[in-house]
Amino acid sequence: MREREPETSHLAHVTRDLEKDFEFTIGMIFASELEAYHKYVAYAIGKGFGVRKSKTRKNDKGEITRWIFVCNCAGPEVRYGCPAFIKFKIENGVHKVMDYVLEHNHEFIPKHQKHLIRCRRMISNTCKGVLVDMAKVGIGGTMAYKFLANEAEGSENLGFILRDCQNFLQSERSNLIEGGDCQKLLNHFHCMQMQNPMFFYA
Ligand SMILES: [Zn+2]
């Protein structure tokens, strides 16, 4: 069992496995937030629009009970916000489609520009943690990226590019001054080795 599949490679799987004529229906259920979100993102990429997580509603215990994902498309030709959204009701982690609007008030992004869709590239939290810890012990973005790509069995499974990696490290620069924590980094390596017996560290 793969317990901690990187979020980005999960998206790659969902995108690849998406049925050609897939449409959401009321009552459709997803096992987790990640499943629900990635399904909508994969669907959005197929159509040619971006996704943004919007409003949530929480119960007394602070647990999220509603999630709304909205179309992220905006631009000079979109005068009013796009009405497209999907709303999930959450119970014990299970995401159930409650409501949606499938129509958009703008053109979709053409196929050859789909790499520009904002939600498409993102760095998973797991990868972010590794990048930060590597940076703290002086391993730069390029090396770290190669390492993660190798760990994910190819950079195409990572879901982000070297520049995202460098931008992320740039944005984290103030947090990196604290100094290295070798033990934490070794723990990461150890953890990765447990997940992937083919991965060795020296
Ligand atoms: Zn839209």
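User: How many helices and strands make up the secondary structure of the chain?

Analyst: Helices (H or I, at least four residues) and strands (E, at least two) are DSSP runs, numbered from the N terminus. In this chain they come to seven helices and five strands, and from the N terminus on their order is α-β-α-β-β-β-β-α-α-α-α-α. This is a predicted model, in which local features need pLDDT of at least 70 and side-chain atom pairs count only at pLDDT 80 or more, while totals for chains, interfaces and linings use all residues. Residues are numbered from 1 along each chain as its sequence is written.

User: What share of the residues in the chain is buried, and which residues have the most contacts inside the largest nonpolar core?

Analyst: A residue is buried if 20 or more other C-beta atoms lie within 10 Å of its own, exposed if 12 or fewer, and partly exposed in between, with C-beta atoms placed from the backbone. Of the 202 residues in the chain, 23% are buried. In soluble globular proteins, nonpolar side chains tend to be buried together. A nonpolar core is a set of buried Ala, Val, Leu, Ile, Met, Phe, Trp, Tyr and Cys residues joined through C-beta atoms within 7 Å. The largest one here has 19 residues, and Tyr40, Val41, Ala44, Val51 and Phe69 have the most contacts inside it. Two or more residues of this core come from each of α2 (33–47), β3 (64–71) and β4 (85–91), and α2 gives the largest share, eight residues. A second, separate core has 14 residues, including Cys127, Tyr145, Ala152 and Phe160.

User: Which residues of α3 meet residues of α5?

Analyst: Two residues are in contact if their C-beta atoms, placed from the backbone, lie within 7 Å. Lys128, Leu131 and Ala135 in α3 meet Cys165, Phe168 and Leu169 in α5. Of these, Leu131 and Ala135 are also among the buried residues of α3.

User: Is Phenylalanine 147 buried or partly exposed, and where does it lie?

Analyst: Phenylalanine 147 lies in helix α4 (residues 141–151), and it is partly exposed because 18 other C-beta atoms are within 10 Å. Phenylalanine 147 and leucine 131 are 16 residues apart in sequence, and their C-alpha atoms are 9.7 Å apart in space.

User: What follows α3 in the chain?

Analyst: Glycine 138 follows α3, and the phi of this glycine is positive, near 90 degrees.
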